[in-house]
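Dear colleague,

Here is the structure that I promised to hand over, with the sequence alongside. Please open it first, and then read the notes below with it in view.

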Amino acid sequence: MTNSIEELEKDAKCIFVIGSNTTENHPVIGMKIKKNVLYRGAKLIVADPRRIDLAEMADVYMAHLPGTDVALINGMMNVIINEGLVDKEFIDNCTEGYEAMAEVVAKYTPEYVEKITTVPAEDIRKAARIYAESEAAVICYAMGVTQHSTGTDNVKSICNLAMLTGNIGRPGTGVDPLRGQNNVQGSCDMGGLPVTYPGYQAVTNEAVRAKFEAAWGVPLPPNNGLTLTETINKAHEGQIKALVVIGENPMMSDPDLHHVEEALEKLDFLVVQDIFLTETARYADVVLPGVTFAEKDGTFTNTERRVQRVRKAIDPIDGAKPDWQIICELATRMGYPMHYNSPEEIFEEMKALTPSYAGMSYARLEGRGLQWPCPSADHPGTPFLHKDGKFTRGKGLFSAIEFKEPRELPDEEYPLILTTGRNLYHYHTGTMTRRSVALDKHVPEAELEINPHLAAKMGIRDGEKVRLSTRRGSVEIKAKITDILAENVVFTTFHFHEAAVNWLTNADSLDPVAKIPEYKVCAARIDKI
Amino acid sequence: MVTLTVNGRQIKAPRGSTILEACRLNGIEIPTLCYDPDLRLAGSCRMCLVEAKGRPLFLASCVAPAEDGMVIETESPDIVEARRIVLELLAARHDFSCQTCEKNGDCKFQDYCYRYGVKDSRFTDGGRHVYPIDDPNPFIERDYNKCIMCTRCVRACEEITVARAINVKDRGHNAKIATAFDGHLADSPCVFCGQCIMVCPVGALTSKVSAGKGRAYEVDRVLTTCTYCGTGCTLELNVKDNQVVGVTSNRSEEYSPVNKGALCVKGRFGWDFINSPDRLTTPLIKENGEFREASWDEALDLVAARLQAIKESSGPDSMAVFTSARMTNEENYLAQKFARAVLGTNNVDHCARL
């Protein structure tokens with residue numbers, strides 16, 4: 001997030017939620033948005049193919065067709081430009097590339113966009129006016145925006161919209177990706193990415209590499225590595241021979257599980273470090289038992305860049321070891337001695353190499369934690385980025401983006417759009433929540449949301465099992481009839497191994513830059529059993 | 001600022017404070033049940049009554065403004081007598097089953113009854129209401145036989161969670177907290193966040209997941225950060241005998257900067273996977289398609305040898321590491337260092353894309 005969670009409750013005058021079912025996936029942030037809307041008078045715009053909980057209290061709700069985000073946002077920008085609602089001063093002083101962007105956006109009139117998105121032109125106008133005319137408007141998004149073959153384009157479009165109206169660099173404004181996992185921000189910050197060392201320092205930058213080579217005492221590889229989705233593809237091609245999986249579950253979470261399964265089986269060696277024998281661990285040659293967050297010390301970094309302490313509450317259960325100790329032991333056995341007395345020692349080493357964390361220490365993290373960048377020991381942390389319209393690259397760059405259709409569209413054989421996500425009661429691949437007794441008792445099985453008209457046409461009753469199929473495979477799943485989605489869209493979650501929807505999703509349609517799979521759109525059909 | 005005299009002592013407080021706020025600011029404790037600093041004022045339980053010189057009636061200090069020159073008594077004999085009557089009136093609908101109550105030792109009503117010597121109620125003509133305890137949801141036990149109608153749950157549901165699942169049904173002695181049509185929580189807009197449990201001063205609302213596992217005075221509360229979504233809520237793991245037996249939250253902004261005590265259903269009730277019998281407790285090595293148990297030394301030696309052999313035969317870029325958003329920063333730092341410095345490859349990624 002460029003801004004802070006608190007601002008969503010206190011400072012934002014308009015909140016535009018797109019591709020985020022906030023009240024289910026970030027419930028506490030959802031509560032803050034609702035408070036601001038109901039009790040402090042903030043305007044709310046919601047764009048989502050499903051009429052989610054927040055849509056019920058929205059000033060404008062736009063049910064755009066999955067995969068049409070670029071068109072929708074271009075449509076809003078078209079209105080803002082044509083009605084003179086742009087922040088000209090911000091554009092002139094703080095950005096570049098406006099002309100080229102405006103040229104592309106010119107053809108995206110609300111009427112033209114209505115044909116692509118199915119959102120009534122008048123609603124697009126209304127949303128655009130509310131967003132542009134608010135004193136402080138923020139955009140919140142999540143995987144509904146990013147998990148597309150045009151995910152990067154979608155995010156750039158959101159940035160265009162924020163810059164066009166100067167809604168960045170002030171309290172209550174901003175571009176706020178709501179990150180879906182406890183420490184996904186931290187994993188990225190720490191260099192758990194194939195192209196960057198900790199602190200987003202490029203592995204291809206020679207000076208940076210020299211710094212890490214000096215600190216770690218070995219020569220380091222100069223080329224960018226493979227992303228997770230590429231790694232699976234390369235394993236499938238036989239080029240990746242060994243894979244170390246620590247606390248991940250690709251046999252549930254990755255697209256097209258047939259493809260993942262074949263890839264894992266082709267590996268010469270797979271080691272999985274986890275707290276349970278996950279779907280992925282079953283394919284391993286060696287499984288190493290790690291521990292939960294309750295059994296170790298450390299830090300997590302949340303979606304607003306706040307680094308907070310994780311504190312050991314209980315000793316590791318008998319036979320398991322904290323993951324950091326396992327990594328140290330493996331490294332040492334491979335001839336690279338790695339020894340730390342505590343996670344705090346690791347943090348101290350990390351921060352010396354990571355400018356955005358350089359000013360932090362466990363002592364300073366007590367209490368409220370610190371939001372990066374925090375470059376020095378006397379720096380108070382940074383609640384919001386890009387203050388006074390100053391961007392990391394200098395001027396904010398508008399991108400001219402044309403709408404592109406999703407990779408796999410419905411056809412005669414597979415006439416529906418399948419879109420996937422999470423629900424309130426479960427988390428990701430269910431490794432933890434399916435083993436939490438109350439959560440699993442309350443929501444024990446996957447459901448496929450089906451529009452009542454479609455259900456009526458096919459003679460499907462609420463609660464009956466149907467077969468859901470795509471070109472990759474099929475699963476049997478319980479039908480839930482609901483009018484929160486359109487007749488040509490069906491939705492389910494990926495939490496349940498009994499009806500693992502990622503057997504059906506598409507490993508071939510990746511965003512060309514981020515390599516994120518297009519979980520939000522693939523062609524599907526349902527059949528009565 | 002205003003200056004007032006409380007129990008013979010002069011205190012100062014910002015203009016606009018209530019008497020209760022002025023007293024608490026100056027370290028003078030006044031009993032409260034319905035008062036909650038984060039919620040709309042109710043002024044309904046009357047526990048916080050104080051005597052103000054020259055006023056014909058006692059004042060509910062949680063809602064009465066502190067005025068310059070006020071002379072207040074918070075524990076005068078008349079006030080103590082009034083509090084006893086208030087407690088007896090509340091006790092007229094409270095089931096004193098303290099021995100078996102989850103909140104025993106952590107119950108403000110119990111504390112005040114003890115402090116003011118209230119053992120039963122004179123006002124139970126016709127008996128107490130007996131409400132069934134039968135909401136089948138797996139998260140929240142609703143025992144309205146213990147409810148003292150402070151309405152903090154209603155206000156928390158409305159003002160913190162904004163679910164608006166519950167409200168007060170009927171009036172007077174028949175008043176009761178209920179969902180619309182007095183049904184089950186699962187059939188209401190309830191999202192099972194448990195904020196109602198967090199604010200309940202008695203044992204009317206408790207966690208079914210923690211039931212019987214340890215009382216407040218038996219557990220240590222360890223402040224940590226939630227392991228589910230990226231919001232980063234602070235929570236307290238309740239630990240008894242080296243086992244996590246529950247989750248509570250800290251409502252101070254100084255310790256819980258993101259959520260101020262508010263949690264969701266996963267954070268508050270989804271902790272028992274920690275104790276799951278499915279937990280892995282020994283390294284496993286696959287032989288002939290079957291896993292067998294192995295010692296740490298054997299397993300780590302095997303992994304190191306195999307990785308080393310593949311590194312030598314096929315090169316570092318034939319290997320990859322998937323690190324995890326479930327792990328700490330420190331562990332992620334080490335995992336990418338392991339990939340880059342030990343294996344010698346930049347093939348390291350995690351589930352940020354999934």
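The radius of gyration used here is taken over C-alpha atoms, and the globule rule is 2.2 Å times the number of residues to the power 0.38. This is a predicted model, in which local features need pLDDT of at least 70 and side-chain atom pairs count only at pLDDT 80 or more, while totals for chains, interfaces and linings use all residues. Residues are numbered from 1 along each chain as its sequence is written, and chains are lettered from A and ligands numbered from 1 in the order in which they are written.

For chain A, with its 529 residues, a compact globule would have a radius of gyration near 24 Å, and the chain agrees with this because its own value is 24 Å. Its C-alpha atoms fill a box of roughly 65 × 60 × 45 Å along the principal axes. Chain A holds 20 helices and 21 strands (DSSP runs numbered from the N terminus, helices being H or I with at least four residues and strands E with at least two). In chain A, 60% of the residues count as buried, where buried means that 20 or more other C-beta atoms, placed from the backbone, lie within 10 Å of the residue's own, exposed means 12 or fewer, and partly exposed lies in between.

Leaving aside residues up to four places away in sequence, A:Met76 touches A:Ile124, A:Ala127, A:Ala128, A:Tyr131 and A:Leu161, a contact being a pair whose C-beta atoms, placed from the backbone, lie within 7 Å.

In chain B, the buried residues of helix H3 (residues 108-116) are B:Phe109, B:Tyr112 and B:Cys113. They lie on the same side of H3(B), because they cover an arc of only 100° around the axis, as given by the directions from the helix axis to the C-beta atoms. On the other side of H3(B), B:Tyr114 and B:Arg115 are exposed.

Definitions and conventions
Contact = placed C-beta atoms within 7 Å.
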